[in-house]
Amino acid sequence: MISRRSFGKALGFGTGAAAVSMAGLGSAQTASAASGAPLGTPAAHTGFPRLKQVRAGLLDVGYAEVGPAHGPAVICLHGWPYDIHSYVDVAPLLAAQGYRVLVPYLRGHGTTRFRSAGTFRNAQQSAIALDVIALMDALKIEKAVLAGFDWGSRTADIVAALWPERCKALVSVSGYLVTNREANLNPLAAKAEYAWWYQYYFATERGRLAMQDKDLRRDLTRLVWDTVSPTWDFDDATFERTAAAFDNPDYAAIVIHNYRWRLSLADGERRYDALEKRLAARPVIGVPTVTLDAERDPFTAPGGGASYRDRFTGAYEHRTLAGIGHNVPQEAPAAFAQAVIDADHLLGK
């Protein structure tokens with residue numbers, strides 16, 4: 001089966017470095033050891049095998065799948081402005097260790113489509129989380145390790161909090177990201193507000209029109225990549241592979257609704273009210289969890305995870321990845337994959 005020692009060998013470092021990585025990545029030295037190479041190593045893969053489609057709930061979901069069909073399931077969830085290529089190097093590492101790795105396009109991205117033209121293009125947090133449950137049901141996956149960053153962290157956190165029976169373990173970049181709309185009405189420190197500039201841009205009609213325009217959309221999302229991952233030396237081709245997912249006909253509507261909903265500038269749907277009420281109470285997460293903070297991500301809160309530690313009540317580890325920005329799985333794929341392995345084995349420690 002999958003062992004931490006064998007995973008360390010697969011990543012190309014010896015027993016000593018593997019032992020260090022299992023202790024956590026709390027410093028630049030241990031973070032580098034865990035990846036077996038500098039964490040900013042250029043991507044080795046450029047794409048996935050043929051994508052699949054499955055009807056799941058409100059959606060026809062496009063997803064990548066690698067690894068043995070009967071292996072333990074890992075579902076990797078991307079954020080904005082990203083797509084499944086954030087996991088293009090993570091997935092093969094996990095698949096080589098026997099995991100069945102699924103990487104779905106979120107609603108409004110890539111080949112994922114709404115099954116009905118009449119469905120409201122809703123991007124509130126509980127709706128996106130239910131997409132994951134529907135995908136698991138459609139693929140007959142009873143339980144999976146969930147791993148994500150950005151929108152993906154939030155979605156994985158919600159599934160782990162509200163449906164813990166479906167979540168074997170959790171990897172969450174930036175920790176506990178469940179949205180509290182009432183708290184979001186309060187101003188942040190000026191530096192934090194500055195980092196969220198696009199959230200306020202999307203609250204305007206100009207921002208909405210920019211997201212609908214292919215050229216302006218590409219310029220805007222590329223700017224976000226550059227600013228939130230200041231140490232990541234990616235090339236134009238890497239960005240363009242992901243930007244193709246933004247040509248989904250529902251992309252602008254989903255992105256705009258997500259950010260406006262968070263600021264209480266757009267309504268959700270009443271069918272999700274009960275779930276949102278539970279989420280507003282900031283439910284704890286009891287499944288085994290590894291949280292990751294990216295040192296160079298402008299959205300990483302100070303304090304080494306202290307601000308959200310009380311939201312995780314089960315087996316838990318926290319790591320800070322030195323020199324890494326917002327797109328953690330693509331910038332530090334080995335460290336991210338290591339976190340998945342470790343989260344899956346936390347109860348056995």
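The model is predicted, so local features are reported only at pLDDT of at least 70 and side-chain atom pairs only at pLDDT 80 or more, while totals for chains, interfaces and linings use all residues. Residues are numbered from 1 along each chain as its sequence is written, and side-chain values use heavy atoms, with hydrogens and water left out.

The protein holds 15 helices and 9 strands, where helices (H or I, at least four residues) and strands (E, at least two) are DSSP runs numbered from the N terminus. Of its 349 residues, 57% are buried; here buried means under 20% relative accessible area, exposed over 50%, and partly exposed in between, with a 1.4 Å probe and protein chains only. Contacts are counted between heavy atoms within 4.5 Å. Among contacts with a separation of 6 or more, 78% join residues 24 or more positions apart.

Nonpolar side chains tend to be buried together in soluble globular proteins. In this model the largest nonpolar core has 102 residues, a core being a set of buried Ala, Val, Leu, Ile, Met, Phe, Trp, Tyr and Cys residues joined through side-chain atoms within 4.5 Å. Trp80 and Phe336 touch the most other members of that core. Setting aside residues up to four places away in sequence, Trp80 touches a list of residues including His109, Asp150, Trp151, Tyr198, Phe202 and Tyr259. Trp80 is also of interest for its backbone, as a cis peptide bond with omega of about 0° joins Trp80 and Pro81. Pro81 itself sits in the loop between β3 (73-77) and α4 (90-95).

A cavity is a set of points where a 1.4 Å probe fits but cannot get out, a pocket is an open set with protein on both sides within 12 Å along at least five of seven lines, and lining residues have an atom within 4 Å of a point. Grid points are joined across faces, edges and corners, and a volume is the space filled by probe spheres set on the points. By this account the largest pocket has a volume of about 1,400 Å³. Its lining comprises 39 residues, and Leu177, Asn184, Leu188, Trp196 and Phe299 lie nearest the centre. At least two lining residues come from each of α6 (151-162), α7 (190-195), α8 (197-201), α10 (214-228) and α12 (251-262), with α7 giving the most, 5 residues. The pocket lining divides into 22 nonpolar, 10 polar and 7 charged residues; Ala, Val, Leu, Ile, Met, Phe, Trp, Tyr, Cys and Pro count as nonpolar, Asp, Glu, Lys and Arg as charged, and the others, Gly among them, as polar.

The search of the whole structure also finds 3 cavities of 30 Å³ or more. The largest cavity contains about 80 Å³ of space, and its lining includes Leu59, Val61, Tyr105, Arg107, Ile128 and Asp131. By class, the cavity lining has 9 nonpolar, no polar and 2 charged residues.

Among the buried residues are Gln125, Ser126, Asp131 and Met136.

Most residues other than glycine have a negative phi, and most peptide bonds are trans. The loop between α13 (273-280) and β8 (289-294) holds Arg282, which is partly exposed at 33% relative accessibility.

Arg282 is also one of the contacts of Arg311, alongside Tyr176, Pro283, Val284 and Ile285, when neighbours within four places in sequence are left aside. Arg311 is in the loop between β8 and β9 (316-321) and is buried, with a relative accessible area of 14%. Arg311 and Ala161 are 150 residues apart in sequence, yet their C-alpha atoms are 9.5 Å apart in space.

Definitions and conventions. 1 Å grid on protein atoms, 1.4 Å probe; cavity = no way out; pocket = protein on both sides within 12 Å on 5 of 7 lines; lining within 4 Å.
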